[in-house]
Amino acid sequence: MCAQTSLNEKRILSFSALLASGFAIGGLVVGVIMGSLVIVFDGVYSLVSLLLTLLSLAASRYISRPSQGHFQFGKAVIEPVVIAIKGSVILSVVLYSLYSAVTSLFTGGREVDASFATLFGLVNVVGCGFGWWYIHNKSKRFSSGLIKAESKQWQMDTLLSVAVTLGFLAAYGLTLTPLAHYSIYADPMMMLLMSFYFIKVPAEMIVQSARELLMMKPDRKIQERVDHEVEEVRKHFGQDIELNGVAKVGQELWVNIDIHSDAKHLDLAEVEKARRLLKDKLSSLKLDLQLTMNVAI
């Protein structure tokens, strides 16, 4: 990772941490005062987001430092480890909230001031939406798995805030009808529905990071691109080359190529030319290419 990218990554993560701290404090205070399960969850999620952002920031700083020989194959593996931790923690919060919602439904529901909760939800929607928009746009400019994971966190927080606001609007409307006595179930029911929806994002984060840690095949777009470029280089190369393996680990793309040669002498200049050509062709992926070329006789 270049110095400028690392600096931008730290700035974005620092901004995210400051914004998350405000929502965490606000959500917890308002949620506890009002006795709303959903608002407390929103505050807890923001607090968890803050802690995870600080973890990402610490990881970003550590990755940018010299390895001092402790990581023989580089520090790229730290990124998927951090993302796996983030996904696991978020998934745990969602599952616990799901349990709390089910328990509340079977114990008489929760009475909440829907009008004030709706106002709080609108503030959260605007703030979280801005955070998501800002970090998502930055993630397009700077290739970083940590920033993309941060963008997903804010996406979930924004959608959560939208769902909370719409739910409390519906609950408030319900209080104006003959079915007002059912409004006490609005809070846990919203939490139940949101929990089922939000399980998907952290689960995907865990699966993707696990694939990188196990050095499994990258996503189809990257795999097909590498296959195509290796085939193009093979057409211009005097020797038979074969793609032996591809893996994406953090911001590194590991490509292993075998050169099959029957000749007693291998032209090293040709090999170096093939290496440079392949690096140029794969540079648009915006990943740090780690290319290994083995001679298979």
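Two strands pair if DSSP finds at least two bridges between them. Helices (H or I, at least four residues) and strands (E, at least two) are DSSP runs, numbered from the N terminus. The model is predicted, so local features need pLDDT of at least 70 and side-chain atom pairs count only at pLDDT 80 or more, while totals for chains, interfaces and linings use all residues. Residues are numbered from 1 along each chain as its sequence is written, and side-chain values use heavy atoms, with hydrogens and water left out.

**Exercise 1.** Describe how strands S1 and S2 are arranged.

Step 1. S1 covers residues 240-249 and S2 covers residues 252-260. Their pairing is antiparallel, over nine bridges.

Step 2. Two residues separate the strands, which form a hairpin. In the turn, Gly250 has a positive phi of about 60 degrees.

**Exercise 2.** Find the residues that touch the most other members of the largest nonpolar core.

Step 1. A nonpolar core is a set of buried Ala, Val, Leu, Ile, Met, Phe, Trp, Tyr and Cys residues joined through side-chain atoms within 4.5 Å. Buried means under 20% relative accessible area, exposed over 50%, partly exposed in between (1.4 Å probe, protein chains only).

Step 2. The largest core has 28 residues, and Ile39, Leu160 and Met194 touch the most other members. Among the elements that give two or more residues to this core are helix H1 (3-34) and helix H5 (145-175).

Step 3. Contact means heavy atoms within 4.5 Å. With neighbours within four places in sequence left aside, Leu160 is in contact with Phe41, Asp42, Tyr45, Met194 and Phe198.

Step 4. A separate second core has 20 residues, including Val230 and Leu285.
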